[in-house]
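Please open the structure in the viewer and keep the selection tool at hand. The stops of this tour follow below.

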Amino acid sequence: MKIVQNAVFISLLTLSLVSCSKKEIAFADPLLTNRDTTANPADDFFAYANGGWFKKHPIPASERSNGIFRMIQDTINNQVKSICETSAKANAEKGSNKQKIGDFYASGMDSVAINKAGITPLKSELDKINAIKDIPSLLKTMAYLHTIGTNSSFSFYVYQDDKNSAKNALQFGQGGLGLGQRDYYFNMDAETVTIRKEYVKHLQAMIQLMGEKLDVAAANATSIMKLETELAKASRKLEALRDPIKNYNKMSVAQFNALTPNIDWNVTLKDLGVKVKADSVLVGQPEFYKALNTMVKSYSLPDWKTYLKWNLVNSYASYLGNDIEDQNFKFYSTVLSGVKVQKPRWKRVVEQTNSSLGELIGQVYVAEYLPKGSKEKLLEIGNTIRDVYAERIKKLDWMSEPTKVKALHKLSKIVMKVGYPDKWKDMSSIAIDKNSYCKNVMAVNKWSYNDMISKYGKPVDRTEWGMFPQTYNAYYSPSNNEICVPACNIIVPGFEGRMPDDAVLYGIIGGSTFGHEITHGFDDQGSQYDDKGNLNNWWTAEDLAKFKNKTKLIVSQFNGYKVVDEKYVNGDATQGENIADLGGVVMGYEAFKKTKQYKNNEKISGLTPDQRFFLAYGYAWMVNTNKEALAQQVMTDVHAPAKFRINGPLSNIPEFYKTFNIKEGDAMHRPDSLRIVIW
């Protein structure tokens, strides 16, 4: 989905509106205990705010990072585990939600049956690939593999037309890369070169596990790497994918066919399950499809079969026997992310059950784990942030009145989806049993694909949610001009059973959640969409030029942050998230200033209101990440590492300077001329 995501984190409530006097209950204040007082907040606020916690809680061998994200996810996993285990023991009626949840979980926990089955759950799909005899059957098989959740050769999905958000469009993009991003195939730094070598070894090992002899596996690995490298060569860089105008190329099916004469898209669309006659398609990267058009002929059918079989097994490796699952973990988790040990099986299966059947689990989660009043409290904070945003826009000294009017109108039209949906999706058609974990995952993949395809030719359903209530995340959708904050974002570790003070609420819920997501409507991407979610310039030329000059400053700021070895933050690729972080913390602080705690200058745990607010913002991004995962993040993620999501925005805020006595010469200090104010 075209959503801009941000992980944010709040308190398991806490917001159940428990009224307990601070004098009645003694508790360890995480804003105090998380600190490392040997670190200087003027040099590295990330280390100062969170370093004490990091020293006590090293990264587990089974994780790439540790911090508030992991604490929250562990809470959710334990809750979902309880739902799964209760459902598995319920002897529930066939077809019921409990039966599906319980049997899915049970099939994943049955490692004996999974190992005995080996790769046989994919036999039918592998037979289809082996039966390819010409280019038409190659394309037909590629299309079929998309319907079961693979990303073979290209990317295809149904989503809103960027220039007509009321209409769903058929959308084609680059894809098919086992390494995910193009730069892995071309960058020449020592680490990336090593990863490429390890990837070829991984391909060979996986092909052997699929039944081929060593010499054949070695040749096939070389063939796959060559094919993927050519796909990568035609792919755009991560930062180039952020330009919605350049990635919007509307054409008729006839024009698409003319672009790729070796591929008949009238036939392929039918094979992809599109039953409504297509009037047009959106092709994100036409040059990619020109290359694919050549490659369907320039590569032999045996080469394509080898690639497709690999792509299929790679997509389902986590649901097959231990040998394939372990090899998949060795490369994608250990080599790429530095994770040494697999999570316990129950945790892996719980997370997959939640991912596959989260719509069903969410209904139980809301009923059994969401404290009353959460949704209302979240909306209250969200609306306060929106009001503050309006005040800020009205006072901007760089924006003209005509543009302010349109910005305020767009702001007023932002839809807030908070807590959980009013209507749940109907998943009654999915058949789940205890017989095969892999087949269960495939059944859900097929349902999800068909659900997506069914939207083409129908009006856009703007009530639909893109996340589950137990998903620890949030998003802004430019096409819907909406933000979504799922229920579990109410969790703030350390404040269980009591209401956090307003500094915490507005530092985390206000700033890192609502303020951040609303700002996505006005970042370098979101600002190009109007109040109805259409890609449509609503700026005057002068205001747009001023805005772009400000975004260039934030790109430059983040380009200067060294992450690991010689890798730096990609300021272009991360600018949307960096703009949202800056806007979020500013709006959270402005909203906090309206509270009684701030106005009365009330100290808690010896901390002033301002100290608590900025420490709370630091708590929102308390994440310690290993070296390998940081290097991977720089290559693949539009979010900067957590350290810079804290230090970057705060180094632009005068009140932060005053609160922690930041002076010229300190590492957190930026000259007045370089401090960035956008919203």
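Select Gln285 in the loop between β6 (281–283) and α12 (286–298); helices (H or I, at least four residues) and strands (E, at least two) are DSSP runs, numbered from the N terminus. The model is predicted: local features need pLDDT of at least 70, side-chain atom pairs count only at pLDDT 80 or more, and totals for chains, interfaces and linings use all residues. Residues are numbered from 1 along each chain as its sequence is written, and side-chain values use heavy atoms, with hydrogens and water left out.

Is Gln285 buried or exposed? Gln285 is buried, with a relative accessible area of 6%; buried means under 20% relative accessible area, exposed over 50%, and partly exposed in between (1.4 Å probe, protein chains only). Leaving aside residues up to four places away in sequence, Gln285 touches Phe172, Gly173, Gln174, Arg236, Leu241 and Asn247, where contact means heavy atoms within 4.5 Å.

Next, select helix α2 (residues 45–56), of which nine of the 12 residues are buried, so the helix is largely enclosed by the rest of the structure. Among the buried residues of α2 are Phe45, Tyr48 and Trp53.

Proceed to strand β7 (residues 415–419). Four of the five residues of β7 are buried, so this strand too is largely enclosed by the rest of the structure. Met416 has Ile483 in β9 as its bridge partner.

Finally, select Ser605, in the loop between α22 (596–599) and α23 (609–620). Ser605 is partly exposed, at 37% relative accessibility.

Conventions. Pairing = 2+ DSSP bridges.
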